[in-house]
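I am opening a page on this structure and noting what I look up, entry by entry.

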Amino acid sequence: MKDGVNGIALAVFIFFFVVVTVMGFLAARWRRSGVESLDEWGLGGRSFGTWVTWFLLGGDLYTAYTFVAVPAAIYAGGAAGFYAVPYTILVYPLIFTFLPRLWSVSHRHGYVTTSDFVRGRFGSKGLSLAVALTGILATMPYIALQLVGIQAVLDVMGVGGGEDTNWFVKDLPLLIAFAVLAAYTYSAGLRAPALIAFVKDGLIYLVIAVAIIYIPIKLGGFDDIFAKAGAALSQKNPATGAPKGALAPGEAGQWGYATLALGSALALFMYPHSVTATLSSSKRNVIRRNTTILPLYSLMLGLLALLGFMAIASGVKVSNGQLAIPQLFENMFPDWFAGVAFAAIGIGALVPAAIMSIAAANLFTRNIYKDFLKPDATPAQEARVSKLVSLLVKVGALIFVLGMDKTVAINFQLLGGIWILQTLPALVGGLFTRWFHRWALLAGWAAGMAYGTWAAWSTSSPTQDHFGGSSKEIPGLGEIGYIGMTAIVLNVVVTVVLTFVLRALKAPEGVDETRPSDYVADAGDPGVRQELPPAMPETAGH
């Protein structure tokens, strides 16, 4: 790390940061209808076409986690960190199957959140509340991960101080990020990250194209990179006596690798921000088209992951793995282009953080405020509440960052995945069947949440007094696997067993307000977003 502040890199970073901030405020007038509502503020008027949605989803799903946490995991432990590449490949066939159905039924009934759908499908405000609270909780550590990415690049540039600096100066980058996010998110809603995503994605593609060619040339080619990385990873960790990692996962880690990939794939489009970006699109076919072109980002992710090996081969030495890639950029690039790379990471954190805070705020407004506190809230009142709550969500994310160990920031994302996976039976199951009983779904959710939270907490190490990791031995198998997958299996077992019991007891099932045709209609189809007579009870079985 260079001594003092890297003035040139910082100047370039600030330039791009100011540009996207101005764009964020200008976005308030982009395609705006003038109607104050959650549809307008929280979903961009449900008006985005294929390309805007592609950039928005790309900016939403490929975040500071992509640029910082994944390569940092590879830098620290080797190829096990590559689990993020197959999971982004696995996810697209899944979303091609169920997200168009969610889009159709949501546009048909004016649903803004996943909890709106769950309430309408199962006739249960309690289950809807559980899904909403889980979505908000799972989003907090994900936003925190974005703020960690901003702090990492500022630390490398010499801004914000080191570990010995007083807490206010040290965490000042997080406070700045909070203020910027709060201001333009409050003003423009989802239109701000949608517009900024064009700049963010353009910068990221530019930086990775240069990095994947320029850095290997300077390091002597990929043969030398893999040889040096393999040698470094094979060295034993003084604390455990085991190798630090490997160029390929060992047999003992294969189950953990597979469950991490599968669990993350199942969780990715359960997150509120993923659904929010999806529902903002103008047509059902926009979602289908995006599932065919979004894998371009997976190619980028694979190339980004290689930066972890490059950091090892170049001799980067950092105590906090999240600084490895920013430090690699500063060491290898001219100062001006390092500033461009840092701007890509910083903006790559701002875009998803804005969408995440909007999505969490929508959940609170629709499924807590309106359902339980003010049922007669007007659309304008909903929008005002959501704006305020989006600020509070960012405060919650700051608490995650300030209160948890940031050296393994990828656990922020994995922890959120453990929680959001527990909404899968209600959401995805509900899109295809009404067989699950609402009370059974609630009990299964509670069991999965309780086990997943306890298991994540119990993995803490002597140096951590909080959530220490996201993998644990699977009871009865002796294999180390992703806690989220074990928790969702428990969730489904409880849900299925109790559904049989409750159906045998003829417990009240609630009213399904949807119809089979709601799940296949496009925006141009007759009847979309128009009122229908209430669904008949017999539709509950479809």
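Entry 1, helix H6. I looked up how covered H6, residues 114–122, is in this predicted model. It is mostly covered, with 8 of its 9 residues buried. I listed the buried ones as Thr 114, Ser 115, Asp 116, Phe 117, Val 118, Gly 120, Arg 121 and Phe 122. Next I asked which helices the buried residues of H6 pack against. I found H5 (84–109), H7 (125–156), H13 (272–279), H17 (335–373), H20 (424–432) and H21 (438–458).

I picked Thr 139, which lies in H7. Is Thr 139 buried or exposed? Its relative accessibility is 0%, so I put it down as buried, the cut-off being under 20%. Setting aside neighbours within four places in sequence, I found Thr 139 in contact with Pro 272, Met 356 and Ala 360.

I took helix H3 (residues 50–61) with helix H14 (residues 284–293) and read off a packing angle of about 55°. Their axes are 10 Å apart. An angle of 65 to 115 degrees would count as roughly perpendicular and one under 35 degrees as roughly parallel, so I recorded H3 and H14 as oblique to each other. The crossing of H3 and H14 is right-handed. On the H3 side I noted Thr 50, Trp 51, Thr 53, Trp 54 and Leu 57 in the contact. H14 contributes Val 286, Arg 289, Asn 290 and Ile 293. By class, I have 5 nonpolar, 3 polar and 1 charged for the contact of H3 with H14.

I recorded the crossing of H10 and H15 as left-handed. From H10 I noted Asp 201, Ile 204, Tyr 205, Ile 208, Ala 211, Ile 212, Ile 215, Pro 216 and Leu 219. They meet Leu 296, Tyr 297, Met 300, Leu 303, Leu 304, Leu 306, Leu 307, Met 310 and Ala 313 of H15. This contact of H10 with H15 has 17 nonpolar residues, no polar ones and 1 charged.

I found Gly 321 in the loop between H15 and helix H16 (324–332). Gly 321 has a relative accessible area of 12%, so I marked it as buried. I also checked Gly 321 against Ala 152, which is 169 residues apart from it along the chain. The C-alpha atoms of Gly 321 and Ala 152 are separated by 9.6 Å.

I looked up Ala 265 in helix H12 (residues 254–268). With a relative accessible area of 3%, Ala 265 is buried. Which residues does Ala 265 touch, not counting those up to four places away in sequence? I found Tyr 87, Leu 90, Val 91 and Leu 94. Ala 265 and Leu 90 are 175 residues apart in sequence, and their C-alpha atoms are 6.1 Å apart in space.

I have 22 helices and 2 strands for the protein chain. Of its 542 residues, 59% are buried. Of the contacts with a separation of 6 or more, 82% come from residues 24 or more positions apart. The accessible surface comes to about 19900 Å², and 68% of it belongs to carbon and sulfur atoms.

Methods
Residues numbered from 1 in each chain as written. Predicted model: local features only at pLDDT ≥ 70, side-chain atom pairs only at ≥ 80, totals over all residues. Heavy atoms only, no water. Helix = DSSP H or I, 4+ residues; strand = E, 2+ residues; numbered from the N terminus. Buried < 20%, exposed > 50% of the residue type's maximum accessible area, 1.4 Å probe, protein only. Contact = heavy atoms within 4.5 Å. Areas by Shrake-Rupley, 256 points an atom, 1.4 Å probe, with all protein chains shown as cover. Axes fitted to C-alpha atoms, helices over the stretch in contact; angles between N-to-C directions. Parallel < 35°, antiparallel > 145°, perpendicular 65-115°, else oblique. Left-handed = near helix turned anticlockwise from the far one by under 90°. Nonpolar A, V, L, I, M, F, W, Y, C, P; charged D, E, K, R; others polar.
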